[in-house]
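Me: I would like to go through some charged pairs in a protein model. Can you take my questions one by one?

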Amino acid sequence: MFLIVTCFTFGQNTGQITIKGNFTQLPQGGHLQGIQLYQSGCQNYIFVSGSSNDFAYYFVAKDINDSLYNLAYIRKMLHKPFKHAGGFQIAGHYLVVGIEDDVAKDSSKVLVYDIANPGISDTVPLTVILRGGVFKESTAGAVGAMLKGDTLIAAIASWDATTIDVVHFYFDKTTKCITTQKHIAKWNMSNNVGWQAYQSINLYLVDESEILFVGTGAKNGEQIVDVYNIKPFTNNNWQWIKTRSPGVDFTAQSLRYAGGTSMYNNKFTVFATPAKTGDKEVKIAFQVID
């Protein structure tokens with residue numbers, strides 16, 4: 001039984017969700033990057049991260065029905081040079097996202113938000129990590145996250161996902177606030193056969209000794225979804241085994257830009273958008289993978 005799931009279900013294995021709203025509020029430049037679903041009470045939400053010429057942001061939409069959402073708000077996170085928000089993940093009611101200087105490519109920040117009450121609890125991040133010093137290696141183009149007990153575990157991918165840093169965030173059991181963070185491990189993934197420049201990465205905790213890692217992206221027009229089985233927590237030496245690369249078929253959307261996954265009843269749902277929104281709507285495609 002998977003310990004972290006999303007409560008969303010769909011009536012079909014492929015389809016499209018339309019988000020309506022005034023997207024002219026978004027600045028010029030950049031593109032959409034990460035997609036995650038979230039449920040608070042009886043309300044379903046979609047979170048989408050993006051970059052621009054001026055600032056990094058995510059926007060949040062609330063559902064009207066399974067296929068139609070309304071834009072609820074836009075959250076500005078950081079201004080340039082930290083204007084490029086990457087793929088991200090929601091674990092429990094925590095959103096973990098990396099924002100990089102995509103021009104100098106030598107620094108980034110990782111932010112953790114409490115989204116238990118979207119629009120209210122996420123006005124400011126709970127904590128911010130500054131990463132800097134090494135060209136491309138200190139960026140944060142994609143971040144995966146999961147909860148293991150009272151620990152929030154984040155996997156931070158650098159430029160083209162060539163390296164991954166693992167950081168643990170620890171919570172105060174009484175206040176539920178993040179008290180400390182600790183860098184646990186770093187891996188160079190360039191020698192991992194079949195590894196790709198993933199735009200979005202997601203982690204799913206299976207049990208105490210197993211994690212599923214899902215990376216999405218695109219290469220030469222081909223949509224990429226790779227699933228790895230990871231055996232972790234032994235001297236921080238994780239063993240990565242690619243178990244499958246299920247095909248997906250998106251047309252107007254592409255995993256080259258915004259991508260993300262959710263899991264329910266042992267099935268992955270993969271999401272993709274076009275590079276940019278329209279003025280009044282954006283369409284998110286999804287495909288369920290057994």
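**Salt bridges**

Reply: Asp102 and Lys83 form a salt bridge, with their closest N and O atoms 3.1 Å apart. A salt bridge here is a side-chain nitrogen of Lys or Arg within 4 Å of a carboxyl oxygen of Asp or Glu. This is a predicted model: local features need pLDDT of at least 70, side-chain atom pairs count only at pLDDT 80 or more, and totals for chains, interfaces and linings use all residues. Residues are numbered from 1 along each chain as its sequence is written, and side-chain values use heavy atoms, leaving out hydrogens and water.

Me: How many residues apart in sequence are the parts that Asp102 and Lys83 tie together?

Reply: Asp102 lies in the loop between β8 (94–101) and β9 (107–114). Lys83 is in strand β6 (residues 82–85). Strands are DSSP runs of E, at least two residues, numbered from the N terminus. So the pair ties together parts separated in sequence by 19 residues.

Me: Is Lys83 buried or exposed?

Reply: Buried means under 20% relative accessible area, exposed over 50%, partly exposed in between (1.4 Å probe, protein chains only). Lys83 has 13% relative accessibility, so Lys83 counts as buried.

Me: Which residues join Asp165 in one network of salt bridges?

Reply: Asp165 pairs with Arg131, closest N and O atoms 3.1 Å apart. The side chain of Asp165 also meets that of Lys186 in a salt bridge, at 2.9 Å from N to O. Salt bridges that share partners join Asp165 into one network with Arg131, Glu137 and Lys186.

Key. Helices (H or I, at least four residues) and strands (E, at least two) are DSSP runs, numbered from the N terminus.
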